Amino acid sequence: MLESQYYSELERINNIKYDDDFDYDFNHELFDKFLGEELKEIIEYDYESKDRNLNGFPSICKCRGEEDIEVSLWDRLNKYEDYFRNKLAFNSDSILLSEINENIRIIKAAWKNYKKGNIEMAVNQIKKIISKIENDDFFVSELGKSYAIKQVAFFDDMNYNSSGNIGIEYKSIYERMKEHPVTLFRGRISEKCLNNRMDLLHRPYKRNEKIDRQRFTCNGMPALYLSSTSYACWLELNKPNKDLYISSFVANDDAKKLRILNLVIIEELINGVFNPSLDAGSRKKELQDKMISFFPLVLATSYKYVDYHENQEEYIFPEIVMRCLKKFDIDGVAYLSKNLDHDLQFQIGVNIVIPIYKEHLEQGGYGRVCKMFSMSEPKKYSESQKELYEEYKNGSYIYDIYYAQGDGYQPITNKEDGLKKYGETIFASFDNYLVNLEHIRYDG
């Protein structure tokens, strides 16, 4: 059967009108049963040629015991490259395949150079990957517009459909996302009572004081870490059962303009950004291709040892990325917490890290960025205060956008924590309680 005949027959089948008492699915079952092999092959080929989905590459990768990150990463990167070379929708796209191959080669070379102690060479190699996306506002955008926080609300080229319109069911959601203040949280464990806002700023820089290496920072470099929820703070601090203090941070106009590198990229986003059967124009395809070629770097930063590991190899690529930022005038990075169970929890587990360089220090060793947020006083989290927290029925960005409106997908907590809708947890109520406290800008 010719391809033109196939499309003619497919259109005829799709236009058949069924009676209410006729089982549509059963009819398609019969159609498939008596379909000629030649036509089946054409249908399968047509489907595969348009299937641009990525499957099997979650951005969160947890390691146990003596598992070697290098072996695991090399295996994932090789499988990633093979996936696209063997997939019908991509295997003739020599430009994209070449980009994927080049970025993977760069990542492997950067790892080897870092391990040899040639950190500068490793950094210069990863700069090559970032330079390819530095001028694309999906990958580098202002904090107040970042996909990591606001999703596609500020990206018209992503939220418009093929006819150029936003669906009515989404338009109001996007408007709420745009208008709602950016609310973030920062936590600290302390046996001593904390009641001063300065207690919840980043660790101040002091001469000769050792500042330990962490994820997405470097030895000796303080950084301001913020999270999208108090739950994420709790996870990042290894689920303390007491002495957890948290402050709410609300971005002021200056903070909203901070340039943030977005590493909150997951399979579902890559798969949903472009549909060749529906989307007109080239921007969505261009964006999907950029995500696909950039995603290996996201994978390289995605590792976490669930038990203590002295070599801390999980921090290698996050550190290299942080060392690249000044070259591109990027102020910080948004990334997905590796303490979540899976990528689809991303709304409640986004972390923002802003490095504090010496030239950005104010008196007292705090970065100027601290003055770009209004802060609440730190409050101690306690489940015994549940009734107090629940008096506040709105406030945080995550609660107001995802839970209070009851729209679409509801973020869920980790399985170990009960698989609850986030809006129904004490943490969500605590978020609202904090956001409704008086917020004052640090002005030390």
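1. In this predicted model, the buried residues of helix H5 are Leu-96, Leu-97, Ile-100, Asn-103, Ile-104, Ile-106, Ile-107, Lys-108, Ala-110, Trp-111, Asn-113 and Tyr-114. Their cover includes helices H4 (69–85), H6 (119–131), H13 (283–300) and H14 (316–324). After H5 comes Gly-117, with a positive phi near 95°.

2. Strand S9 (residues 350–355) is mostly covered, with 6 of its 6 residues buried. One side carries Val-350, Ile-352 and Ile-354, the other Asn-351, Val-353 and Pro-355, and both faces are covered. In a regular strand, side chains alternate between the two faces of the sheet.

3. S9 pairs with two strands, S4 and S8. Strand S4 (residues 223–227) runs antiparallel to S9 and is joined to it by 5 bridges; strand S8 (residues 332–336) is also antiparallel to S9, with 4 bridges. Ile-352 of S9 stands opposite Leu-226 and is the bridge partner of Ala-334.

4. Ser-376 sits in the loop between strands S10 (373–375) and S11 (379–380). This serine counts as buried because its relative accessibility is 0%. Beyond its neighbours within four places in sequence, Ser-376 is in contact with Arg-197, Ser-247, Ser-248, Leu-434, Leu-437, Glu-438 and His-439. The C-alpha atoms of Ser-376 and Leu-437 are 6.0 Å apart, although 61 residues separate the two in sequence. The Ser-376 side chain also reaches the backbone nitrogen of Ser-248 at 2.9 Å.

5. The model has 20 salt bridges. One of them joins Lys-290 to Asp-136, with 2.9 Å between the closest N and O atoms. Lys-290 belongs to H13 and Asp-136 to the loop between H6 and strand S2 (140–142), so the pair ties together parts 154 residues apart in sequence. Asp-136 counts as buried, at 5% relative accessibility.

6. Arg-215 and Glu-314 form a salt bridge at 2.6 Å, N to O. This pair links distant parts of the chain, 99 residues apart: Arg-215 is in the loop between strand S3 (183–189) and S4, Glu-314 in the loop between strand S7 (303–305) and H14. Both Arg-215 and Glu-314 are buried.

7. The salt bridge between Lys-326 and Glu-359 has an N to O distance of 2.7 Å. Lys-326 is in the loop between H14 and S8 and Glu-359 in the loop between S9 and S10, so parts 33 residues apart in sequence are tied together. Lys-326 is partly exposed at 45%, and Glu-359 is partly exposed at 46%.

8. Salt bridges also link Arg-52, Asp-93, Lys-285 and Asp-289 in a network.

Key. Residues numbered from 1 in each chain as written. Predicted model: local features only at pLDDT ≥ 70, side-chain atom pairs only at ≥ 80, totals over all residues. Heavy atoms only, no water. Buried < 20%, exposed > 50% of the residue type's maximum accessible area, 1.4 Å probe, protein only. Contact = heavy atoms within 4.5 Å. Polar contact = N/O pair within 3.5 Å; in protein donor to acceptor, adjacent residues only side chain to side chain. Pairing = 2+ DSSP bridges. Salt bridge = Lys/Arg side-chain N within 4 Å of Asp/Glu carboxyl O.
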